[in-house]
Amino acid sequence: MSLVRFPVRFPVRSPVRSVLGDVSGLAFSPDRVSGIQAWYDLPTSTSRWQDTGATVAATAPSDPIRLLQDVTANGRDGVAPSDAARGLYKAAAATGRAGYAAAMAAQPELVTNGTFDTDATGWTAHGSMTLSAPSGVFRIQRGVSINQNASTVLTCEVGKVYRVSFDYVGRSPDSTHYTDFRVGTTIAGIDLARTQDSSLAEFSTGEKSLTFVATATTVYIAVVLRNGASDDYIELDNVSVKEVPAAYLHRYVDYDGVDDVLNATLPNLGSTASVWYMKQDGTAVYAANQSISGAYALPAVDMRGLIIVDGPISASDQTKLATYYA
Ligand SMILES: [Ca+2]
Ligand SMILES: [Ca+2]
């Protein structure tokens with residue numbers, strides 16, 4: 001039986017409706033939650049200020065936040081009571097965001113010879129280290145002196161977020177030595193990032209990664225071989241450093257856990273107000289039936305964003321909020 005094909009006309013859909021599934025045709029935004037009173041949004045660069053007068057923006061990672069403006073038109077700004085009570089603006093890789101892996105794969109590689117295909121060119125031995133590339137992996141072998149390193153240098157952009165990764169291949173059998181992988185603004189400095197095996201047995205083979213925010217244009221990667229005996233070695237491969245694109249960053253406020261806080265003033269919302277926020281670690285917090293009237297201290301929890309609502313927040317809106325801040 002032959003199959004007869006007919007030209008089929010599909011109904012033409014509005015791309016906005018079909019993508020978002022929202023009859024209003026507008027993308028979800030936290031300020032569309034019913035009963036919204038205030039919205040504090042770390043990704044909104046125009047809402048973060050280092051001073052109460054909104055003259056110095058908090059734009060670079062580790063800039064302090066004295067004033068976090070309410071993104072709604074209600075003007076219920078969050079203000080730290082003193083400079084000492086300012087949390088810090090931070091940015092971190094949003095590794096769980098859709099498309100992150102593909103975006104990172106497309107970023108330029110900043111490490112010269114991180115794959116060690118034929119040799120250890122591009123890396124500098126310090127002290128009595130010997131560098132080689134047997135079988136296409138990076139071997140760092142110590143001589144008589146302890147705690148020396150192999151380094152390479154990168155050119156970064158101040159304030160940008162970078163992901164560093166490497167594969168830990170293994171070490172020589174006489175294993176009283178271990179790897180101390182460092183990122184700093186000086187050779188073997190640890191001011192930007194560090195991962196190390198402080199308990200020896202836990203340093204499994206495979207990919208390790210960490211992120212850092214550049215504070216200088218010249219950044220050093222150093223692989224320190226800690227402890228051990230003469231001729232001990234460690235082996236790494238695929239050392240990579242790439243900038244994390246802006247679209248794949250989480251923006252958040254980092255509190256010191258001591259006195260940092262943002263205070264706002266709200267109208268009398270009675271005892272059924274709700275507060276929702278997304279913590280920096282990706283955990284959403286919903287607190288219903290809150291008594292809010294007048295002075296209100298925002299929870300001093302490292303977070304990406306927070307809203308205050310007069311009344312409950314529906315489960316559907318909570319899901320949308322979580323997706324918005326994912
Ligand atoms: Ca403080
Ligand atoms: Ca290799």
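**Sheets, domains and cores in a predicted model**

User: In the open sheet with the order 8-9-16-11-14, what is the average angle between neighbouring strands?
Analyst: This open sheet has five strands with antiparallel pairing. Its edge strands, strand 8 (130-132) and strand 14 (206-213), each pair on one side only. With direction ignored, neighbouring strands are turned against each other on average by 30°.

User: Which residue in strand 16 is the bridge partner of I140?
Analyst: Strand 9 (residues 138-141) and strand 16 (residues 233-243) run antiparallel and are joined by four bridges. The bridge partner of I140 in strand 16 is I234.

User: What distance separates the centres of domain 1 and domain 2?
Analyst: Domain 1 consists of 15-92 + 250-324, and domain 2 of 108-243. Taken over C-alpha atoms, their centres are separated by 39 Å.

User: Of which class are the residues on the side of domain 1 that touches domain 2?
Analyst: Four residues of domain 1 are in contact with four residues of domain 2. The domain 1 side has no polar and no charged residues; its four residues are nonpolar.

User: Which elements give two or more residues to the largest nonpolar core?
Analyst: This core has 36 residues, of which V253, W276, L306, I307, I308 and V309 touch the most other members. Two or more residues come from each of strand 1 (36-41), strand 4 (67-68), strand 17 (249-254), strand 19 (273-279) and strand 22 (303-309).

User: Which residues does I308 touch, not counting those up to four places away in sequence?
Analyst: I308 is one of the residues that touch the most other members of the largest nonpolar core. Beyond four places in sequence, I308 touches Q37, A38, L266, A273, V275 and I292.

User: How many residues are in the second, separate core?
Analyst: Among its members are F116, Y162, L192 and Y248. The number of residues in this core is 34.

Technical notes:
Residues numbered from 1 in each chain as written. Chains lettered and ligands numbered in written order. Predicted model: local features only at pLDDT ≥ 70, side-chain atom pairs only at ≥ 80, totals over all residues. Pairing = 2+ DSSP bridges. Axes fitted to C-alpha atoms, helices over the stretch in contact; angles between N-to-C directions. Domains from an automatic or database assignment. Contact = placed C-beta atoms within 7 Å. Nonpolar A, V, L, I, M, F, W, Y, C, P; charged D, E, K, R; others polar. Core = buried A, V, L, I, M, F, W, Y, C linked by C-beta atoms within 7 Å. Buried ≥ 20, exposed ≤ 12 C-beta atoms within 10 Å, placed from the backbone.
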